[in-house]
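Here are some notes for a colleague who is opening this structure for the first time. They take up a single chain and then the place where two other chains meet.

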Amino acid sequence: MTDWTEVLRDWRVGLGGLLLLVLMGVALAAPWLAPHDPNAQDLLWVLLPPSWAPGGDPAYLLGTDTLGRDVLSRLIWATRSAAYVAVLSTIGAAVLGITLALIAGYAGGVLDWIIMRAVELLLSFPAVVFALVLIAALGPGLENVIIAVIAVDWTRFARVLRSEVRQIKGRDYVAAARLMGATPLQVVLQDVLPNIMPSILMLVSLEMGGAVVAETIISFVSASAEADVPTWGVIIADGLSDIYATPAPVIAAVSSIVVFVLATILFSDGLRRRTDPRQIERRGAAA
Amino acid sequence: MNSFVRRIEETDVTETVIGSRPQADGGTAQAPMLFEAADFSVRTGQTPILERVTLSIRKGEVLGIVGESGAGKSTLGKCIARALPRQFTTAGRLDVFGEDIGQMPASRHRALMGDRIAFVPQEPTSALNPVRRIGSLFGEHLTRLGVPKAEQQARMVAALSEVMLPDPEAVLNRYAFQLSGGMNQRIMIAMAFASRPDLVISDEATTALDMITQERTIVTLNDMRARYGCGVLFITHDLRLAGHFCDRVAVLRNGVVVEEGPAAQVLEAPQHPYSQGLKAATPRLDGPPHPLAAPSPKLRIPAQPAPIMAARGLAVRYGDPKSAGGQVEIMRDVDLQVEVAEFVGLIGRSGSGKSTIARILAGLQQPTEGDILLDGRVLGNSASDWQDRIASAQMVFQDPSSALNPRRRVWDIVTQAMVARGERLKSDRRRRAAELLADVGLDERLLDAYPRQMSGGQRQRVNIARALCVMPRLLIADEIVSGLDVSVQAQVIYLLLELRQRHDIALLMVSHDLSVLRQLCDRVVVMDQGAIVEAGPTQQVLDAPQHEATRALIAAAPPDDLSKTWPRGTEWDSNDKTPE
Amino acid sequence: MAELGLIGGAKGRAGGLRRNGGARTLKRLARRFATSIVTLLAITLLVFVVLRTLPADPVAMLMPGNATEADMERVRALLGLDRSVLAQYAIWLGDALKGDFGRSIQHNTPVRVLIADALPVTLQIVTLSVGLGIFLGFSGGLLAFTWRGTPVEAGIEMGNGLAMAVPDFLWGIILILAVGVGLQWLPFIGLQSPSVTVPDITGFVLIDALLAGDPSAFLDVLRHLALPVFAIAMGLAPTVMRVFRSGLMEAYTEDYIASARLRGQSERQVLLRHGLKNAVIPTITLIGVQASMLFGGTLLIETIFGLPGIGAMMVTAIGGHDLPAIQALTFCYAVLVLATTIAVDVICLALDPRLRIKDQS
């Protein structure tokens, strides 16, 4: 039903998608793109301003931090960490959330009750706090961040999708499929899942942005990454204390995060507009 | 019959037939002109919506606008309300009280709306703000009309009593969702007439209501009209209804008025081929069954030992902590059967349980008590019983837009059943799909279409085709022709009868429309409040009803003979109570 | 009659339903309250269990370097760390109900005291932020809606989209960079200037300043709070704006709006009397949903701006593996979120009669 060519033509999807591709590209190409080793310290050249400012050095395009590490290289490698976390946590949260939503929405009954209570439980508590507690228990490392994010964010998928699944379950074509002899699994895969695809795509793109923000928060509180893994949060945390001397690292890191999240929001927004049947109707009715 | 349907589709719209103006009805010829459309056209881009329409309404006159969907009936009302979407352009004059609506300043137009011009909407419940009380909404309207606050309560109570609403004070304190559709429509009528309007526009005011409620609403509307002597623009797709309620009728087709004249003349002796086609396609309440229906194949099939499907002692109860005994019974002791190649009609008011029976027989709902028998054998809960059941009886759902998965193509939808049986090969499925489409009279090119690319009639036929895939012996149809245009409805009826001729299929048809059942069914079963109150051959039950529920249903339907009085007075339902 | 059946649900008579649902509302709230208590217990238990899997040994951190094994055993027993998890939880719960949340390992003071000092700060911040966020969100939404179809709406939407892309703690940093460091308009460290003192009457600095009749101190604190409050509000406002605007647009597609116009109501009357109330309801629901996010935002914001609230306290507690503090703060946060949710629920019930009366089946 979704006209995918029209979806791609939407400027939001195009722009957002392009930005995301660029970011992913940077992430993948980090080892070759970064001019320096992100962890190489050079204590002779600490807190250099960007190369275009007085006192800057063209070798260090965006300057250096308190330990003399090249900001640009750290930024590029941080993009890699962000992409890593974003993709894996999103896949994990999505798979877990969708599966539970399908079970809860379609099977109903006790299973629905249990799953919904679990969702409510986790949502009754600030996600950030819970993630931090989990990290404190699990220890540092990007992998643990991913686990923590999955553990908290699956609820977002589950809650939204479950109510959609319930709605679809009540539609006549699901009843018709049962009358045609389809097994519950067949009905779920053929009739339910394709109809919740637009919402899934939207949630997935939003989740990527959310995961990156979560990772930033966690690493800012310096509870996550090991010392030699640069992330945007770590760059901000390091840069805050010397913000009067050289604000470049902080500005650069903040901008990167904003661009990433903006890209995901644009993308998901464009998707939503093109695939929401009510929106389509509204535009069509005017015709 | 089908030839008439074809005539409707092929008719070349070249001429308009105008009937003579009546002199009756209190001297309407000299009554002031309330509304006049002169050569009025509406277009969107290149597409015409209304073409050179010329109509008029004088004081005290009821003008009916009838037509099928897409004819442009609602557009006139929207033009008067100045509620056309932006890209619509108009030409010609549309005068109300002598002033051109298109030219008047916005403030003048707004002053007329709700005051001298009033509207009665199609969906009354959603026309009332759900989070505000009725009294608050009505009071707001009265304030707009200039009624001082002190008088408002009295006026509102009086207005609600006028439309026969019981316990008006209580109603004023309610919210719209607490009241029924019929009650809400009466509230809308009360609010419309509160200003003693000169012109009332009713756009399909009774379409969303069930038969008996429709009758009561028409009674109310008629009452108020007579009392205040206003003119009415009555838009409807129901020909018989227009015939009884209106003085003059204009038939609209694709934006053009093809015929106009006194109601009795246009509807009983139409002159234009299209109107004639419409009349022919409308099933008659008192007419003979469809030509294809006789002789019924039942007669040539040797008597079967057992009916295809039978229900025995069905009862449905729900737990309801609020009622006495903790349970509420919505069906009790129902016995029903359908024989081979028999067409059975199931009729009753909304809430009588007819849809529930259909769902139970189809297997979508379990009865609290009772048995379902297939070929004389009681059906249990085992998988093989389920397989037998769905191989013999299939359901055709009412709303084709929700009964077809919007993401699947037609060939995929109609051959769903094959997948469950393990016949997955796409080529096999497509071949079978082509067969099925041919069976229901659809073009093979629609195989790859999505539901949204088809018309309502086409979707309904895909619905039927899907049910036919397993070659069932019984089709269970729940209101599958209500809401369809008359011509499309005729086609579906024709199709069902043809299928019986070819495949000896039996049908259990749930409907609220007596005339459809008359045309289609051998036998009719009447339900009321969860029990079967009357059953028998169609002709017999409809011509000589025994039970009062049957009589009420027959009385509520506008009769074919326009000379008979309908609706028949203002006795109201003793069950019409405001909720606690 | 079938029509009556419609009202009480297909299941039968509506008798027994109190007029306009008063009894039902109370029952619903009572049930909600009970569920909240259960949730509270569940969350604290969950966190309790999670924390016990910490790799670090809190006792080892407490003791001086030359402590013997026997000493550590004694301290462990004192802190109850040698019992099973459930037993420990039971002890904690018992104490908590009496108001005793243990002693902070890092600060060696009763946690209760620490929280009593820190909580008012956070509450003031959150209250001001929510107020500002709602104000900005509703105004923006109303503006965008009134000017719909014009470039003004497009501009507001774009700005909104941008604002939504920035998480609240980043807003904090941006504001520090721009307003604090760059323009040097507002302070961004701490709660008040070093020279300003406010007597401790209620514990709420703002209220105390007013009670003491010291407007300059009041303003000083307000200036210090301006940036952090704005940062958190910016986490809330864009979403509120979006939902409110879409709520208005939804409402305007409904029949009752058209119906009001057909009765001759002016556009302004339609908006005020019909559109607003209906659009506010989903917005309030959203705010409830965002409640937990809001409280989460205080952690980082307080840390960045150096404000002594429970957020900053939680961050240091987690960093230092201060179990009693973490536990107690978890409890605190859960109570705050649940209380907010219940409050939102009550407001929704008051506004939307369908929730009060309609059969939830």
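1. A contact here means heavy atoms within 4.5 Å. The model is a predicted one, and in its chain C, if one takes the contacts between residues at least 6 apart in sequence, 70% join residues at least 24 apart.

2. The secondary structure of chain C consists of 15 helices and 0 strands. Of the 361 residues in this chain, 50% are buried, while the chain exposes about 16,300 Å², with carbon and sulfur atoms supplying 68% of that area.

3. Turning to chain B and chain A, the contact draws on 26 residues from chain B and 21 residues from chain A. Between them the two chains bury about 2,200 Å², and 53% of this lies on carbon and sulfur atoms.

4. Which residues form the salt bridge between these chains? The partners are B:Arg408 and A:Asp191, whose closest N and O atoms are 2.9 Å apart, and the count between chain B and chain A is 1 salt bridge. Polar contact is also found there, with a count of 8 residue pairs in which both residues are at pLDDT 80 or more.

5. On the side of chain B that touches chain A, at least two residues each come from helix 14 (383-392), strand 17 (393-396), helix 15 (400-403), helix 17 (416-420) and helix 19 (456-468) of chain B. Helix 17 of chain B gives the most to this side, with 4 residues. By residue class, the side of chain B that touches chain A divides into 14 nonpolar, 6 polar and 6 charged residues.

Methods. Residues numbered from 1 in each chain as written. Chains lettered and ligands numbered in written order. Predicted model: local features only at pLDDT ≥ 70, side-chain atom pairs only at ≥ 80, totals over all residues. Heavy atoms only, no water. Buried < 20%, exposed > 50% of the residue type's maximum accessible area, 1.4 Å probe, protein only. Areas by Shrake-Rupley, 256 points an atom, 1.4 Å probe, with all protein chains shown as cover. Buried area = accessible area lost by both parts, 1.4 Å probe. Salt bridge = Lys/Arg side-chain N within 4 Å of Asp/Glu carboxyl O. Polar contact = N/O pair within 3.5 Å; in protein donor to acceptor, adjacent residues only side chain to side chain. Nonpolar A, V, L, I, M, F, W, Y, C, P; charged D, E, K, R; others polar.
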